[in-house]
Amino acid sequence: MSKVIVVTSGKGGVGKTTSSAAIATGLAEKGNKTAVIDFDVGLRNLDLIMGVERRVVYDFVNVINGEATLKQALIKDKRVDNLFILPASQTRDKDALSQEGVESVIEELKADGFDYIVCDSPAGIEKGAFMALYFADEAIVVTNPEVSSVRDSDRILGILQSRSKAAERGDTVKEHLLVTRYSPERVEGGDMLSVDDIVEILSIPLLGVIPESGSVLQASNSGQPVILDKASTAGMAYSDAIDRFLGEDIPHRFMDIEKKGFFKKLFG
Amino acid sequence: MGLFDLFRQDRKKNTAKAAKERLQILIAHEHAMGAGGHKGPDYLPKLREEIIAVIRKYVSVSDNDVNFQVEKGDDFDMLELNITLPDSK
């Protein structure tokens, strides 16, 4: 059974593409045949984060328009088996993604035996974001511990619950909360919303907490999904989230302040 | 917190708490109004209008003084109505 997962947030810049790349890579590492699709038509970026920007020949819109086959457009990852990337086009035509076109691509991926189809949503609640979530079975809502991000996540949840295909047929999209750029120090200091606060406000189950980490920027600089950085806290937190997504019961890590030594405590 | 923090003038207050409270109020309001995809019951806007009209027969309140919230429970939904009455002198 194939599953369509949308990675969405409403707000921009919270880490959707970083998370999509990490999640798709993590699922593939676990042996699942996985495709990750960039829905941000006009502002393609998943290719960069995945480090395949120089291998893009055809894109999502080419496939929808019949200018290329899906096989021609899918980029096979060289690091992880079973991982394929479908880049967005750089056309400025926002209506390039038709509902029928998106559906036909998703159906073809399902028929090809893909276990997971990860849809990297653009920011906003315009057509691209709507197309990314419309066919979803599950949604990973990426949220920063910050008021505007939490509010936008709540609005996206509303759209998932009322306007997705699942909602239209009376089903629900399974929702997961992924908190990114989390800083336990700032939570302790009282100037950042805690994970508990966010869970209480959005009332959806927590999939993972990704700590603020320099390795995320380093990973994007070098076009390596951060989940492949097995030594980094962010990479480990994404790996944990994947295990949880696949049904394992793993305790959350990196949510508390690392113990500081005496001198560090004294001199801050 | 380091030793020197104790001597800093502007020890910040807990703004995260304020953030949480503001979000809770805002999101409850947006749900009740059906913002985003959130749909309250269809009759809600009309109900709100009529209730405000009834209240105004007796006291003068502004739209902002009447706060409607629908909370979804497992077994039931709850309509919470908060009316801030003007100071009676």
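Start by selecting helix α6 of chain A, residues 127–134: seven of its eight residues are buried, so the rest of the structure largely encloses the helix. Buried here means under 20% relative accessible area, exposed means over 50%, and partly exposed is in between (1.4 Å probe, protein chains only). Helices (H or I, at least four residues) and strands (E, at least two) are DSSP runs, numbered from the N terminus.

Before you click on, some housekeeping. This is a predicted model, where local features need pLDDT of at least 70, side-chain atom pairs count only at pLDDT 80 or more, and totals for chains, interfaces and linings use all residues. Residues are numbered from 1 along each chain as its sequence is written, chains are lettered from A and ligands numbered from 1 in the order in which they are written, and side-chain values use heavy atoms, with hydrogens and water left out.

**Around α6**

Which residues of α6(A) are the buried ones? Pick Gly128(A), Ala129(A), Phe130(A), Met131(A), Ala132(A), Leu133(A) and Tyr134(A). Now show what covers them: the cover includes strands β1 (3–8) and β5 (116–120), plus helices α5 (99–111), α7 (147–163) and α8 (165–168) of chain A.

Next, go to Ser164(A), in the loop between α7 and α8. Is Ser164(A) buried or exposed? It counts as buried, at 0% relative accessibility. Leaving out residues up to four places away in sequence, Ser164(A) touches Leu133(A), Tyr134(A), Ile159(A) and Val173(A); a contact means heavy atoms within 4.5 Å.

**Salt bridges**

A search of the whole structure turns up 15 salt bridges over all chains, each being a side-chain nitrogen of Lys or Arg within 4 Å of a carboxyl oxygen of Asp or Glu.

- Select Asp243(A) and Lys30(A), whose closest N and O atoms are 2.8 Å apart. This pair ties together distant parts of the chain, with Asp243(A) in helix α12 and Lys30(A) in the loop between α1 (16–29) and β2 (34–38), 213 residues apart. Asp243(A) is buried at 12% relative accessible area, while Lys30(A) is partly exposed at 46%.
- Move to Lys165(A) and Glu103(A), bridged with closest N and O atoms 3.1 Å apart. Here helix α8 is linked to helix α5 across 62 residues. Lys165(A) is partly exposed at 30% relative accessibility, and Glu103(A) is partly exposed at 26%.
- Then try Asp171(A) with Arg169(A), at 3.0 Å between the closest N and O atoms. Asp171(A) is partly exposed at 40%, whereas Arg169(A) is exposed at 51%. Elsewhere, salt bridges that share partners join Asp197(A), Glu200(A) and Lys20(B) into one network.

**Over to chain B**

Chain B has two helices and two strands, running α-α-β-β from the N terminus on. Of its 89 residues, 25% are buried. Zoom in on Leu47(B), which sits in helix α2 (residues 44–58) and is partly exposed, with a relative accessible area of 29%. What does Leu47(B) touch, not counting residues up to four places away in sequence? Phe68(B) and Leu79(B).

**Last stop**

Finally, return to chain A and select Glu258(A), in the loop between α12 (233–245) and α13 (262–267). Glu258(A) is exposed, with a relative accessible area of 65%.
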